[in-house]
Amino acid sequence: MDATSFAAFAAASAGPSAVVQKQRAQYTSDAVLSATPVQLVTMLYDRLMLDLSRAEAAQVAANWPAASEQLLHAQAIIAELSSSLKIDVWDGGEGLLALYTYTSTALVNANVHRDVAQTREVAGLLEPLRQAWHEAAASLQAGAASAVPGLAGGVGVA
């Protein structure tokens with residue numbers, strides 16, 4: 001097989017994968033665009049915890065470039081959560097901002113010092129918040145479903 005044939009084969013082989021990636025990106029885009037604010041926060045927390053899990057696995061495997069990439073993405077999510085936080089709206093706002101600041105600094109240190117313990121600590125601190133946001137989202141969804149006539153448990157009743 002010559003280089004031209006191989007390139008054609010590789011392009012043809014990559015075709016379905018590229019289509020699947022495009023479909024996945026479109027699905028994600030649609031999900032984000034149609035999400036409520038609470039759903040967006042739960043999506044951010046889910047991705048944050050995924051990043052931390054991947055970072056921890058990469059750190060344990062001494063795959064420092066992959067760990068760094070995941071830790072940097074996690075820091076970006078925390079920065080987004082921090083910037084969207086309205087600390088004057090509720091009494092716990094300043095405490096949550098302090099937690100975000102602490103975890104962001106801890107992730108920088110986890111990356112610079114290749115410290116898996118700090119990555120694990122951040123995951124342990126943020127997992128309860130992820131769970132709380134999911135519970136709040138489910139509660140809001142259940143409340144909205146019960147407020148709509150003709151719906152029982154979110155399923156239409158004839």
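Me: Is Gln59 buried or exposed?

Reply: Gln59 counts as buried, at 5% relative accessibility. Buried means under 20% relative accessible area, exposed over 50%, and partly exposed in between, with a 1.4 Å probe and protein chains only. This is a predicted model: local features need pLDDT of at least 70, side-chain atom pairs count only at pLDDT 80 or more, and totals for chains, interfaces and linings use all residues. Residues are numbered from 1 along each chain as its sequence is written, and side-chain values use heavy atoms, with hydrogens and water left out.

Me: Where is Gln59, and what does the side chain of Gln59 make a polar contact with?

Reply: Gln59 is in helix H2. Its side chain makes a polar contact with the side chain of Thr119, at 2.8 Å. A polar contact is a pair of N or O atoms within 3.5 Å; within protein, one must be able to donate a hydrogen and the other to accept it, and residues adjacent in sequence count only if both atoms are side-chain atoms.

Me: Which residues does Gln59 touch, not counting residues up to four places away in sequence?

Reply: Gln59 touches Trp64, Ala67, Leu71, Ala110, Arg114, Asp115, Val116 and Thr119. Contact here means heavy atoms within 4.5 Å.

Me: Let us step back. How many helices and strands does the protein chain have?

Reply: The chain has 5 helices and 2 strands, and from the N terminus on the order is α-α-α-α-α-β-β. Helices (H or I, at least four residues) and strands (E, at least two) are DSSP runs, numbered from the N terminus. Of the 158 residues, 23% count as buried. Among contacts with a separation of 6 or more, 60% come from residues 24 or more positions apart.

Me: At what angle do H2 and H3 pack?

Reply: H2 and H3 pack at about 155°, with their axes 8 Å apart. H2 is therefore roughly antiparallel to H3. The axes are lines fitted to C-alpha atoms, for helices over the stretch in contact, and angles run from 0 to 180 degrees between N-to-C directions. Angles under 35 degrees count as roughly parallel, over 145 as roughly antiparallel, 65 to 115 as roughly perpendicular and the rest as oblique.

Me: Which residues of H2 and H3 meet, and how do they divide by class?

Reply: Those in H2 include Leu44, Leu48, Asp51 and Gln59, and they meet residues in H3 that include Gln70, His73, Ala74 and Ile77. The residues of this contact divide into 15 nonpolar, 3 polar and 4 charged. Ala, Val, Leu, Ile, Met, Phe, Trp, Tyr, Cys and Pro count as nonpolar, Asp, Glu, Lys and Arg as charged, and the others, Gly among them, as polar.

Me: Asp51 is in that list. Is Asp51 buried or exposed?

Reply: Asp51 is buried, with a relative accessible area of 0%. The side chain of Asp51 makes a polar contact with the side chain of Arg47, at 2.7 Å. Leaving out residues up to four places away in sequence, Asp51 touches Gln70, His73, Ala74 and Ile77.

Me: And H3 with H4: at what angle do the axes cross?

Reply: The axes of H3 (residues 64-84) and H4 (residues 93-112) cross at roughly 165° and come within 10 Å. H3 and H4 are therefore roughly antiparallel to each other. By class, their contact has 10 nonpolar, 6 polar and no charged residues.

Me: What about Thr103: buried or exposed?

Reply: Thr103, in helix H4, counts as buried at 0% relative accessibility. The side chain of Thr103 reaches the backbone oxygen of Tyr100 at 3.0 Å. Beyond neighbours within four places in sequence, Thr103 is in contact with Ile78, Val122, Leu125 and Leu126.

Me: Now the loops. What is the phi of Ala62?

Reply: The phi of Ala62 is near 60°, a positive value in a residue other than glycine. Most residues other than glycine have a negative phi. Ala62 lies in the loop between H2 and H3 and counts as partly exposed, at 44% relative accessibility.

Me: What about the phi of Arg114?

Reply: Arg114 has a positive phi of about 55° although it is not a glycine. Arg114 is found in the loop between H4 and helix H5 (116-147), and at 49% relative accessibility Arg114 counts as partly exposed.
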